[in-house]
Structure formats: structure tokens, C-alpha cells
Amino acid sequence: MKLPRNFFKPLAIGAPAPLRELPVRLERMIHFVPPHVEKLRAKVPELAAQVDVVLGNLEDAVPADAKLAARAGFIAMAQANDFGATGLWTRINALNSPWSLDDVTEIVAAVGDKLDVIMLPKVEGVWDIHYLDQLLAQLEVRHGVKRPILIHAILETPEGVNNVEAIATASPRMHGMSLGPADLAASRAMKTTRVGGGHPDYVVLADAAADAPRARSQQDLWHYTIARMVDACAAAGIKPFYGPFGDFSDPDACEAQFRNAFLMGCVGAWSLHPSQIGIAKRVFSPDPAEVAFAQKILAAMPDGTGAVMIDGKMQDDATWKQAKVVVDLARLVAAKDPEMAARYGL
């Protein structure tokens with residue numbers, strides 16, 4: 001067992017000290033770019049101004065014969081662009097694949113000082129995090145990387161869900177977690193071929209009434225797993241994300257899934273298509289009316305104690321904490337988005 005006092009010690013002599021707090025960054029959407037496609041790589045400078053995170057995807061959706069091209073394309077993309085306040089991530093191949101080791105070693109060697117986060121797919125337990133944690137420390141020393149590269153885990157197997165709390169606290173490198181609904185559905189033997197979202201047959205029927213059709217209410221297939229992930233991340237001080245929504249032709253359903261995740265505590269989601277960028281911005285930026293009301297609460301309770309009545313509703317220390325979450329997020333959004341800053345009055 002690793003003692004608490006050793007948790008924040010570097011895992012290699014000369015490696016950068018692990019972070020004790022996550023950087024405060026806006027990450028409403030993680031926008032996936034297939035770096036083996038040159039014409040899409042060329043759009044990265046424009047994308048970086050629109051999104052909060054640019055992720056070079058090396059795993060699923062990249063054919064086996066394009067894996068090396070995707071890795072080289074990501075390195076070229078990272079070297080050619082200044083990402084400024086926009087995060088630079090990559091999703092490497094799974095640890096049991098023939099590409100993952102070279103993904104990590106070549107990328108850290110070439111662009112380790114520009115890379116913020118490595119997204120690790122199919123995480124099943126702390127052993128996956130510990131392996132990548134130690135490897136990154138060794139590579140940071142070898143290549144003179146000055147700040148630790150963080151790890152973001154994808155939950156997409158039942159074993160990963162069972163171990164979610166341990167995964168969240170496996171390393172000070174942990175940035176957060178994303179739900180991977182497609183692989184999780186397959187590994188659970190769920191009877192759906194959809195990538196995220198609901199299913200028309202997953203319903204609750206209203207009680208039968210004479211001479212009246214029974215109302216059907218579609219349920220959320222992912223509510224349980226998102227709730228477990230959010231609790232594990234909140235307890236560990238890391239960030240929960242909803243993952244992909246695969247039906248680009250149904251923006252309303254995408255927005256509903258994103259909004260459910262936002263209300264439950266997720267800070268962002270994946271955008272796989274440019275049409276989903278605006279949806280993620282809208283959903284994961286707090287509503288101006290909510291921000292205005294939250295500001296009223298903070299102004300009426302400067303030290304967060306006591307109780308006050310505002311617009312006929314009682315506010316106390318618990319609602320003060322909720323209001324602070326909303327206003328802090330609004331300030332992050334306003335710092336990046338002048339239009340939303342004006343709407344918030346910040």
C-alpha cells in the first residue's frame with residue numbers, strides 16, 4: 001500500500017512534481033480530430049479558436065492501416081499550432097493493443113511539453129493507471145518535460161465501472177473520466193447499437209386506465225453509470241464528462257443527453273462533429289438567468305452563512321454553495337467567450 005505522504009512524490013527521479021490541484025480550465029467540449037486526415041488537420045487553427053479542447057484521436061474510428069499515420073499526424077498537428085488557452089489532448093490506443101506503447105513514447109518525445117492530457121481507453125482498474133503513470137514519469141525525465149501530463153480515463157467496461165472509485169484516486173495525474181457508452185453497451189451485452197442516447201424500447205408504462213391508452217415514458221439508459229462516475233470524480237476532485245453522441249442527424253436528442261449529464265454534474269462532453277460544438281457550448285455554459293439569480297444569492301450572503309429570502313425562496317449555506325458553482329463556471333466561460341461575458345454581465 002502506498003502511504004499518503006508518498007502519493008504526491010514523482011515516480012521517477014527528476015520528473016516534474018505531481019499536481020496537487022487540477023488546473024482551472026474551461027472544458028465544455030473535447031473536440032475529436034482524426035489526425036490521419038490531412039484536410040481535417042488543416043482546420044485545427046480555426047477549431048482551436050472555437051473549442052475548449054482539441055483531441056487527436058488515435059484509437060477507435062482510425063483504421064488499423066492508418067494508426068501510424070494518425071500518430072505522425074497528431075505530432076505534426078501539435079508542433080504546427082499554438083493552442084493558447086485551448087487544451088491539447090490525445091486519445092491513445094488501448095494498452096493491450098500493438099500501438100499504445102509507441103503512441104506514448106513517440107508523442108511525449110516530440111510534443112510532451114505541449115500535451116495537456118492523455119485519454120486512456122478501456123480502463124478497467126488502477127493497474128492501467130499505475131502503468132501509464134510510471135511510464136509518463138520516466139518519459140518526462142528523459143525528454144525534459146517540465147509539467148506533468150495528466151491522464152483521463154474512459155469507462156467502457158463493466159470492470160471499469162465496478163472499479164470507478166479506485167480509478168478516480170489511482171494517481172495525482174488523474175484529470176477526469178468520460179463515459180464510453182458504445183463499448184460499455186457491447187461489453188454489458190446491452191441490446192442497442194446506438195452510440196449514447198436513449199432507446200425507444202427502454203420505457204416505463206403508466207398504470208392502465210379503462211378506455212385510455214397507457215402513457216409511455218422513455219428512460220435514460222446511462223443514468224446509473226453517469227451518477228456513479230460523477231460521484232467518484234467529485235469525491236476525488238477530478239472532472240466527469242459525458243462521452244460521444246453518435247447520431248449527428250438528431251441534434252435535439254444530442255442536446256437532451258448532454259443536458260442530462262450537465263445537470264447531474266458533468267463538466268463537458270465529446271464533440272465528434274462540428275455541429276455538436278455549439279450544442280456543447282450552449283449546454284455546458286450556465287444559463288444567464290441562473291447566473292443572475294446565483295449572483296443575487298452571493299451578494300445577499302457574502303460569507304455564505306445564515307439564511308435569506310430572495311424572490312420568495314429561502315436561501316441558505318447549501319444554496320450559496322450551489323450559487324458559487326454556477327458563478328465560478330460563468331466566470332470561466334466569460335473569460336473565453338466575449339458574447340457570453342456580455343450576457344452574464346461579467
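Guide: A disulfide is a pair of cysteine sulfur atoms within 2.5 Å. The model here is predicted, so local features need pLDDT of at least 70 and side-chain atom pairs count only at pLDDT 80 or more, while totals for chains, interfaces and linings use all residues. Residues are numbered from 1 along each chain as its sequence is written, and side-chain values use heavy atoms, with hydrogens and water left out.

Visitor: How many disulfides does the structure hold?

Guide: There are 0 disulfides. For Cys254, the nearest cysteine sulfur belongs to Cys266 and is 13 Å away. That is not within 2.5 Å, so Cys254 is in no disulfide.

Visitor: And why is Cys266 in no disulfide?

Guide: Its nearest cysteine sulfur, that of Cys233, is 8.0 Å away. The cut-off is 2.5 Å, so this pair does not count as a disulfide.

Visitor: What makes Cys254 count as buried?

Guide: Buried means under 20% relative accessible area, exposed means over 50%, and partly exposed lies in between (1.4 Å probe, protein chains only). Cys254 has 1%, so Cys254 counts as buried. Cys266, with 3%, is buried too.

Visitor: Why is Ala61 called exposed?

Guide: Its relative accessible area is 75%, which is over 50%, so Ala61 is exposed. Ala61 also has a positive phi of about 80° although it is not a glycine.
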